[in-house]
Amino acid sequence: MSATASPAYPTTWRPPSLFGSRRRRFIFWAAVVAYVIWSVSDLNIDGNRILAGLPRALDIFARMVPPDFSRWEMLLSGMLESIQIAIASTIVGALLAIPIGLAAAANLSPRPLYLLARGFIVVGRTFHEVIIAIFFVKLFGFGPVAGLLTLAVSSAIFLGKMLAEDIENMKEGPVEAIRATGASFGQVVGYAVVPQVMVKQLGVLIYRLDANLRHSTVIGIVGAGGIGQTLSASFSRYDFDFSSAILLTIAALVALGEWFSDWARRRLR
Amino acid sequence: MTAPSGMPLLRIEALEKTYPTGKRALAGVDVTIDRPQVVAIIGSSGAGKSTLIRCINRLVEPTAGRILLNGGDIVALDRKGLRAARRRIGMIFQEYNLVERLTVMQNVLSGRLGYVGLIASLRYRFPAEDIQAAFALLDRVGLDGYHNQRADALSGGQRQRVGIARALMQRPDLLLLDEPTASLDPKTARQIMRLVRELVSERQTPAIINIHDVALAKAYSDRIIGLRDGIVVFDDGPAELTDEVLSVIYGDEDWTLPGEGDDEPATALSSAS
């Protein structure tokens, strides 16, 4: 092999384009621009209505200041209820997520059970927490029980999906090795699956606790207990100064929750 | 450890495996092992080595044929019977397949899972003789004092020693080794093969080893089986493994030392599949 370069080889090279050709790229971007123009013209965006809303917004903001913390007992009991809903629903959800996650992992579960569990997860994830909350409020009446059940169900589905995906991504080798020793299914899970997924799942669990804290402040608005219910009532009574006190407290709590979540997950590594 | 009189320890009869993709990995394999010896299986990638070894403990389900271990047909077993049979077969893997977040001791003790109840095993309550045996085995494979190390803190050679200890914890009648040295450097590979050979004669347990490295196979085995396209094309002592036989197993190639006889460019594809 001589070191002189052969003129027959190309001297330029570009990675293959995502679109395949320049023409297809042009068609794609033209379609995007056309869609944006069409949707803006179709939504009847009324400039006057937006302009009329601005002074109202200023008025509401003016009445929000200063925030009124005089009814702090009501605020505190609402917040505590929200925190209790978040913690209890995370625990219940985590317990329910274990069978869901195992059943929905393609590499562990028999085909029919896998399809059933995946179907359950898909249907469950279709509905936002607020919609599930409306349903549970109709079933069990106003109050924290409906909120707890809502977040427990949605946590179970979320955590179950995360667990199933983690199990599907784990290394197959250790599972094969434990199975080859003559271990039972439970022992395979205990010795090969749990050690591989435990740390990540604890991180996901803490993230979900943090998320449930945020959700628990919202679902109260549809009557499922907690601080959200107090917030909703204050808005409908035009107690904007109390509303702002509640919002500030929620913001503080969520920030605290996020800080805790970050700290705890960092320590897990 | 010895089989009933007249009954070979392992007898594989007309074993076939066709994967759902249509690939025929094994096309009628007959092998009998009646002595505690090291049996190396060689052959190109895709010749069916890994399928053969995994059919013996049914990590892969055979399509047809019989596998008689101590006279009982493994292929016919139900789930419970299969678990009992797997306890009698120790397996060692190319990628060691240790559970990395667990300690060396937990990995070694997992070889006893077939004999311990679920609750006791999840609480790591193993019988005293198992724990004693685990410490003794760790000492034997050269890892005395490593019991509380996490498996992911070990080197490749050390991990494979843990894998060997885990398989021997089962007090197996048969050892299966799937490319045990393919992830190791040449020196460590020889050390591991020597250890396996010593253990086979100490414990009088036969071992079946899938191996790519023909030189290692010749140096450390009592018998070599050559597989090509799912069929046994060679089954004899390592001394009989001539260049002509290698061509039968792997296809035509110049088997003399590399660097000599360079009449064919290395980039040209050989006629082997």
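1. What radius of gyration would a compact globule of 269 residues have, and what does chain A have? The rule gives a value near 18 Å, but chain A has 26 Å. The model is a predicted one, and this is the point to take up at the start. The C-alpha atoms of chain A fill a box of roughly 85 × 60 × 35 Å along the principal axes.

2. Chain A has 10 helices and 0 strands. Read from the N terminus, its elements run α-α-α-α-α-α-α-α-α-α. Of its 269 residues, 36% count as buried. Take the contacts in chain A with a separation of 6 or more: residues 24 or more positions apart account for 71% of them.

3. One loop of chain A deserves a look. A:Pro67 sits between helix H2 (47-64) and helix H3 (72-103). Its C-alpha atom is separated by 4.8 Å from that of A:Ala245, although the two residues are 178 apart along the chain. Neighbours within four places in sequence aside, A:Pro67 is in contact with A:Asp241, A:Ser244, A:Ala245 and A:Leu248.

4. Chain B has 9 helices and 10 strands. Its radius of gyration is 19 Å, which agrees with the value near 19 Å for a compact globule of 273 residues. The C-alpha box is roughly 60 × 40 × 40 Å, along the principal axes. Buried residues make up 43% of the chain. Among contacts in chain B between residues at least 6 apart, 68% join residues at least 24 apart.

5. Now the open sheet of chain B. Its 6 strands are ordered E6-E7-E8-E3-E9-E10, with mixed pairing. Strand E6 (89-92) and strand E10 (231-236) stand at the edges; each has a single partner strand, so one side of each is left without a neighbour in the sheet. Neighbouring strands are turned by 20° against each other on average, direction ignored.

6. Within that sheet, strand E3 (residues 38-42) and strand E9 (residues 223-228) of chain B run parallel and are joined by 4 bridges. B:Ile42 has B:Gly226 in E9(B) as its bridge partner. Helix H9 (residues 243-250) of chain B lies across E3, E9 and E10, running at about 160° to E10(B).

7. Another set of pairings in chain B involves strand E1 (residues 10-18). E1(B) runs antiparallel to strand E2 (residues 24-33), with 7 bridges between them. B:Leu15 stands opposite B:Val29 in E2(B). The hairpin has 5 residues between the strands, and there B:Gly22 takes a positive phi near 100°. E1(B) also pairs with strand E4 (residues 64-69), in the antiparallel sense, over 5 bridges. In that pairing, B:Leu10 is the bridge partner of B:Leu69.

8. Last, the interface. How many residues of each chain are in contact with the other? The count is 18 residues of chain A and 22 of chain B. On the chain A side, helix H7 (172-180) and helix H8 (185-219) each supply at least two residues. The residues on that side divide into 8 nonpolar, 8 polar and 2 charged.

Methods: Residues are numbered from 1 along each chain as its sequence is written. Chains are lettered from A and ligands numbered from 1 in the order in which they are written. This is a predicted model: local features need pLDDT of at least 70, side-chain atom pairs count only at pLDDT 80 or more; totals for chains, interfaces and linings use all residues. The radius of gyration is taken over C-alpha atoms; the globule rule is 2.2 Å times the number of residues to the power 0.38. A residue is buried if 20 or more other C-beta atoms lie within 10 Å of its own, exposed if 12 or fewer, and partly exposed in between; C-beta atoms are placed from the backbone. Two residues are in contact if their C-beta atoms, placed from the backbone, lie within 7 Å. Ala, Val, Leu, Ile, Met, Phe, Trp, Tyr, Cys and Pro count as nonpolar, Asp, Glu, Lys and Arg as charged, and the others, Gly among them, as polar. Two strands pair if DSSP finds at least two bridges between them. Axes are lines fitted to C-alpha atoms, for helices over the stretch in contact, and angles run from 0 to 180 degrees between N-to-C directions.
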